[in-house]
Each structure stands twice: as C-alpha cells, then as structure tokens.
Amino acid sequence: MSQASEMVRKNFKEGDDIRDAGLRTPEDVMRMDDILYGTDTDWQRLDVYRPKASEGETLPVIVSVHGGGWVYGDKERYQYYCMDLARRGFAVINFTYRLAPEFKFPAALEDVNLVFSWVLDHSGQYGFDKKRTFAVGDSAGAHYLGLYAGLCSNSDGGNSFGIVPPEGFVPTAVALNCGAYQISMDDGGLTDGLTRELMKDLLPGQGTKDETDDINVLSRITPQFPPTFLMTCTGDFLLSQAPLLQAKLLENTVPHVFRFYGSADKEPLGHVFHLNIKAGDAGLCNDEECGFFRRFIE
C-alpha cells in the first residue's frame, strides 16, 4: 500500500469519527444489517434501512455507493447518512465494497453490479419497488456510479470491464455528489499528485493511458444516461470536475439538475458536506436530491 492510501485512510477516518460522534440509529428507522450480497463474507455485505412506518409497503429504493478515494470506507461510515435518507420515505441500501489496493479495479465496480442485481432479485422479500431504483454516490463513489450508469445505459459503448448489468436495467435516476469524472495522468483531467498515487494502487497497470481513458465517466455519457442530480460546493477539492460532467450532460440532452452549495459570504462547505447530517446545508442538499428522485415516482 502506498503512503498516499495510508494517509487517506488515516485522515478520512479521523474526519468521519468527528462527523458522526454521538449519532445513533433513529427510532423511526428499521434496519437489517450485514446481509451477504456476494461470496466474500469479509467485504460483500450490505444493510437495508426503511422507515418503520412503512412496514408492509413497497418503497422506492436508493442504493448508496460510498466514497473514500477508492481506498477507504465501508457501510459503517455511511450508516447515519443512509438512515437519514430512509427517513425521507425510501428503502436505502448501504453496502461495503472491495477496496484498493487489496483489490484492483474493477473489483469495486463488480460489487456495485452485484448489489443492484441483489436489489432486483430480492424486491419481493424486502418491499423494493424495482421500477423505482435510484442511486447516490459521492467522490470516488460518484465515479463508480457514473461508470456503472454509463454501462447500464449504453450497452453498445464498449465494456472492457467484463461486467454485465442485469438485462434491461438502468437506474431510474442518480445523484452524483462531489465526484471525480475525468481522471488522467496527463494534462486535461484530474491530475493532482495524490490522485496519481491512488491510481497506482487502484489500477492493475498503475494508471496507463488506456486504463485512465477506460475509467473516464465523461466518455460514458450518452442520451440514454439516467436523469442526474449533480452537485458540488464552495470548498470541494473536486469542484472543477462537476462542470465537465454537466457539459457532457448538456451535450447529450440528459435531463439533469446542477446545484452549487454554499456562498462567498460564508465559510466554504467542505467536500462531501452532505454526509454530515448534523448540518443544515446537508439537510437542504439531501432534501433536494430526494425531491429530485420523487419526480420519477408519481
């Protein structure tokens, strides 16, 4: 493991510990934990959260793809955010996927596909409306979700990952938050030194041009890409990535909303601020994202 990955794991954990200190499972949320969705009992597990008041009802679904620089994170770090989404009237899937450098790309993307397949296969058992299946992803999770939505919506676009989404499945709509969408070891994409080092841990060839071209979300956008809620904020270190994706969505006439949170007269909002459910700005963002999803329910 590189020093970059070690640093990300250490620093992100410290920040997440502070963010979630004192939080508990809300009394109005029912949770089903540690459900195996694959064969790896250490990594391939998920939780399902539902509002208690919805018992017996079929609910629209949100699948959350967590972030963490491709090398950090699990469902425990996203449980409070995901339960907060569930309180807004959704069944929410919060899962752990295989991380780099222990597992090279496309292991995590394979896990994303397994989770969506699991949701469709278990819709009756857990009361999922599989025709209203949404997804949220942030940072590296937005990158994975963008790639996966592109695979689902453009079967003719080439797939060197060896991943076959469920037949006919495309997420109803997605929310991409503070994400990385164009990665390059050269000029023209996300090229900072930290990202370069993380790519060496993530990609089997340590970031060849063919590899970074292959994981470019922008090249996966077609008119069939699902409706998208795209957001960034004043203090997002990936801020420059969002306009690149919006330009592609516009070019391909994909229905979308682009929201920029924060203002010049206030302290800058940080990267993935929406995960801090104690904060008012997070509540606003998450309300707006769920409101966007509701457009496709009625």
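Visitor: Taking contact to mean heavy atoms within 4.5 Å, which residues of α3 meet which residues of α5?

Guide: This is a predicted model, in which local features need pLDDT of at least 70 and side-chain atom pairs count only at pLDDT 80 or more, while totals for chains, interfaces and linings use all residues. Residues are numbered from 1 along each chain as its sequence is written, and side-chain values use heavy atoms, without hydrogens or water. From α3, Ala108, Leu109, Val112, Asn113 and Phe116 meet Tyr144, Leu147, Tyr148 and Leu151 of α5. Helices (H or I, at least four residues) and strands (E, at least two) are DSSP runs, numbered from the N terminus.

Visitor: Turning to α8, which residues are buried?

Guide: In α8 (residues 241-251), Gln241, Ala242, Leu245 and Leu249 are buried, that is, under 20% relative accessible area, with exposed meaning over 50% and partly exposed in between (1.4 Å probe, protein chains only). Viewed down the axis of α8, these buried residues lie within an arc of 95°, so they line one face of the helix. On the other side of α8, Leu250 and Glu251 are exposed.

Visitor: What do the buried residues of α8 pack against?

Guide: They pack against strands β6 (174-177), β7 (228-233) and β8 (256-261). Thr253, which follows α8, has a positive phi near 50°.

Visitor: In what order do the strands of the sheet run?

Guide: The open sheet of 8 strands runs β1-β2-β4-β3-β5-β6-β7-β8, with mixed pairing. The edge strands, β1 (29-36) and β8, each pair on one side only; two strands pair if DSSP finds at least two bridges between them.

Visitor: How do β3 and β4 pair, in the parallel or antiparallel sense?

Guide: β3 (residues 59-65) and β4 (residues 91-95) pair in the parallel sense over 4 bridges. Val61 stands opposite Ala91 in β4.

Visitor: Finally, where is Glu267?

Guide: Glu267 lies in the loop between β8 and α9 (280-294). Glu267 is exposed, with a relative accessible area of 72%.

Definitions and conventions: Contact = heavy atoms within 4.5 Å. Arc of directions from axis to C-beta.
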